[in-house]
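Here is a friendly walk through one protein model. Keep the sequence and the 3D view open as you read, and find each part as it is mentioned.

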Amino acid sequence: MNSKYNFYKEALKNERLPLAFVDLDLFDENIRAILKRSGTKKIRIASKSIRCVELMRRILDFSSQFQGIMCYSAEEAVWLSQQGFDDLLVAYPTVQASSINGVAEEIKKGKNIYLMTDLAAHLKQIQKIAAESNVILPIALDMDMSSRWSMLHFGVHRSSVWNSATLYEFIEVLKSCPNLKLCAAMGYEAQIAGVGNKVAGKSLMNRIISALQQKSKKELAKRRKELVDILKKECPDLIIVNGGGTGSLESTAEEAWVTELTAGSGFYAPALFDYYSHFKHLPAAGFALEVVRHPQSNIYTCLGGGYVASGAVGKEKAPLPYLPEGIKLTANEMAGEVQTPFIYNGTLEIGDPVFFRHSKAGELCEHFLELHLIKDGKSVGKSDTYRGEGKCFL
Ligand SMILES: Cc1ncc(COP(=O)(O)O)c(C=O)c1O
């Protein structure tokens, strides 16, 4: 029953705990599944959900259908550009002069980095720096893809540009910025791509979410087309229309006016991505903690473990006990800062590893300097995380 536990225990038996690992066989399987789910659309890699340069290279080398990186900070884009990556879409806006200057320097070298905007304040700051640097900066527009219904805002709060009226206002400001050219548009439908509709024990909520998602998909596809049509007329440099995420690859791929999809979380497949009805990626990443105490017959304690994910606070943000099968967090302590007790009716020795999965993808890498790589049941090396490379962008 615990053959999977023994498999990882054996593979990592000589390594110091705690550690984070990626099972490359499952990771590669997830790459194949993501390619299949995306049809013929190009796929941009969401770096925030990987945070490991070597693994991003592995994905890019796997298929030419993968193209470009979606970065989560301008400084990160500059850093990746300097390591040879190109086609870097920064998905979130910044007005930090030093970050924009860094991007301008890379653009002068011929690299392609797109800074995200949606407000006049973003455009004006980037225009000012571009003019000072005497360069034309390619920018991107974030089109808000949440469904703004009268009784419900279904989605996240992102961009101020969400319909044709707000888009025309944006374009008017853009036209007063001679050093900017709009090359990319991005619309991320978080309410489809990032919300599971098959959560265990929540069948009513699952049905409600699924129904809202169906309605929202239709609404946003129509609106995205309308916005892209306007951009095509008004912005001759537009070459990228990016949409979706791991949870929405199939539906976003159906939109002809979207040129590329984004995927990140599906490669590691963290715990929150177990809860979707239309796909099941394989748990490729996890972390191992050392059992250090045994305070009661069915309670053990391991060292470390409090790697709780960001976002709305809830139990689902705690690490998911993974192996051996049957381990459970205690309701009072959950995953602790320096030690984590857990309930287990089987037998474990002091020093044994226990395995958990983070509820999100890239955040795991903020707690570890390296990822141990497993292939064919053996440890085959390590890759530095961003953190291991001394980088902490956000
Ligand atoms: C702009 C944007 N696109 C795409 C994604 C999808 O990423 P993932 O595939 O990791 O869920 C995200 C995630 O938050 C995002 O912010």
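H5 passes H6 in a right-handed crossing; a crossing is called right-handed if the near helix is turned clockwise from the far one by less than a right angle, and left-handed if anticlockwise. Before going further, please note that this is a predicted model, in which local features need pLDDT of at least 70, side-chain atom pairs count only at pLDDT 80 or more, and totals for chains, interfaces and linings use all residues. Residues are numbered from 1 along each chain as its sequence is written.

**Helices that pack together**

Two packed helices are described by the angle between their axes and the distance between the axes. Here the axes are lines fitted to C-alpha atoms, for helices over the stretch in contact, and angles run from 0 to 180 degrees between N-to-C directions.

| Helix pair | Angle between axes | Axis distance |
|---|---|---|
| H5 (97-108) and H6 (120-133) | roughly 50° | within 10 Å |
| H7 (164-175) and H9 (203-234) | roughly 25° | within 10 Å |
| H4 (74-82) and H5 | about 30° | 8 Å |

Which residues of H5 meet H6? They are Ala-97, Ile-100, Asn-101 and Ala-104, and their partners in H6 are Gln-125, Ile-126, Ile-129, Ala-130 and Ser-133. Two residues are in contact if their C-beta atoms, placed from the backbone, lie within 7 Å. Sorted by class, this contact of H5 with H6 holds six nonpolar, three polar and no charged residues. In this sorting, Ala, Val, Leu, Ile, Met, Phe, Trp, Tyr, Cys and Pro count as nonpolar, Asp, Glu, Lys and Arg as charged, and the others, Gly among them, as polar.

H4 passes H5 in a left-handed crossing. Here Ala-74, Glu-75, Ala-77, Val-78 and Ser-81 of H4 meet Ser-99, Ile-100, Gly-102, Val-103 and Glu-106 of H5. The contact of H4 with H5 divides into five nonpolar, three polar and two charged residues.

H7 and H9 make a right-handed crossing. Ser-164, Leu-167 and Ile-171 in H7 meet Glu-226, Leu-227, Ile-230 and Glu-234 in H9. By class, the contact of H7 with H9 has four nonpolar, one polar and two charged residues.

**Around the ligand**

How many residues surround the ligand? There are 16, and the closest are Ser-49, Gly-245, Thr-246, Gly-264 and Ser-265; a residue counts as near if its C-beta atom, placed from the backbone, lies within 6 Å of the molecule. Strand S11 (260-263) and helix H11 (265-268) are the elements that give two or more residues to this shell. The shell has eight nonpolar, eight polar and no charged residues.

**Two domains**

The protein chain is divided into domain 1 (25-264) and domain 2 (285-388), with bounds from an automatic or database domain assignment. Their centres, taken over C-alpha atoms, are 32 Å apart. Domain 1 gives nine residues to the contact and domain 2 gives 10 residues.

**Backbone details**

Most residues other than glycine have a negative phi, and most peptide bonds are trans. The peptide bond from Leu-17 to Pro-18 is cis, with omega near 0°, and Pro-18 lies in the loop between helix H1 (3-11) and strand S1 (19-23). Another cis peptide bond joins Leu-323 and Pro-324, where Pro-324 sits in the loop between strands S14 (320-323) and S15 (328-329). Asn-134 has a positive phi, near 55°, and is found in the loop between H6 and strand S6 (137-142).

Technical notes:
Helices (H or I, at least four residues) and strands (E, at least two) are DSSP runs, numbered from the N terminus.
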